[in-house]
Amino acid sequence: MENSKSAKLKKNLGLKIKQYRKKLGLSQAELAELVKLEIKSLSRIEAGHNYPMCENLTAIAEALNIEPWQLYYDDSDQNLEKMKKQIINSLENDKNLITSVYQYIQLKEKTF
């Protein structure tokens, strides 16, 4: 049985894919063709019924001209100063985050 966090993650991911797809003016059929998925599979992903395999998630993000992590990020609040303050506050309150953020930056510089 699926837990509520898992269901919510699938639903939110599907909504983000749909939002980015529509922003580019792509139909489900067009995106499905770009990422070599059946339209039915993409429809079930966008509806939050299925979670894409890693390879498909990466292909979807690439077709949408975004990074995969952006499908998980809530960008409704684009205030950069607020984001910066929250990041600094989090780093000051949890020193373990410094290592994680540093590793992410190093990985990003090497792969993106």
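Biologist: Is E33 buried or exposed, going by its relative accessible area?

Modeller: Start with the cut-offs: buried means under 20% relative accessible area, exposed over 50%, and partly exposed in between, with a 1.4 Å probe and protein chains only. E33 has a relative accessible area of 65%, so E33 is exposed. This is a predicted model: local features need pLDDT of at least 70, side-chain atom pairs count only at pLDDT 80 or more, and totals for chains, interfaces and linings use all residues. Residues are numbered from 1 along each chain as its sequence is written, and side-chain values use heavy atoms, leaving out hydrogens and water.

Biologist: In which helix does E33 lie?

Modeller: E33 lies in α2, which spans residues 28-35. Helices are DSSP runs of H or I with at least four residues, and strands are E runs of at least two, numbered from the N terminus. Between the C-alpha atoms of E33 and L107 there are 30 Å, with 74 residues separating the two along the chain.

Biologist: Which residues of α2 are buried?

Modeller: First, the general idea. An α-helix has 3.6 residues a turn, so residues three or four places apart point the same way. In α2, the buried residues are L31, A32 and V35. Viewed down the axis of α2, they fall within an arc of 100°, so they line one face of the helix. The arc is taken over the directions from the helix axis to the C-beta atoms. E33 and L34 are the exposed residues on the face turned away from the buried side.

Biologist: What covers the buried residues of α2?

Modeller: The cover includes α1 (4-23), α3 (39-46) and α4. Contact here means heavy atoms within 4.5 Å.

Biologist: At what angle do α2 and α4 pack?

Modeller: Axes are lines fitted to C-alpha atoms, for helices over the stretch in contact, and angles run from 0 to 180 degrees between N-to-C directions. Helix α4 covers residues 54-63, and α2 packs on α4 at about 120° with the axes 9 Å apart. That makes α2 oblique to α4. Under 35 degrees is roughly parallel, over 145 roughly antiparallel, 65 to 115 roughly perpendicular and the rest oblique.

Biologist: Which residues in α2 and α4 meet?

Modeller: On the α2 side, L31, L34 and V35; on the α4 side, A59, I60 and A63. By class, this contact has 6 nonpolar, no polar and no charged residues. Ala, Val, Leu, Ile, Met, Phe, Trp, Tyr, Cys and Pro count as nonpolar, Asp, Glu, Lys and Arg as charged, and the others, Gly among them, as polar.

Biologist: At what angle do α2 and α3 pack?

Modeller: About 110°, with the axes of α2 and α3 9 Å apart. The two are therefore roughly perpendicular to each other. Q28, A29, L31 and A32 of α2 meet I39, L42, S43 and E46 of α3. This contact divides into 5 nonpolar, 2 polar and 1 charged.

Biologist: What is the phi of K36 near?

Modeller: Most residues other than glycine have a negative phi. K36 has a positive phi, near 60°. K36 follows α2 and lies in the loop between α2 and α3. At 75% relative accessibility, K36 is exposed. N65 also has a positive phi near 60°.
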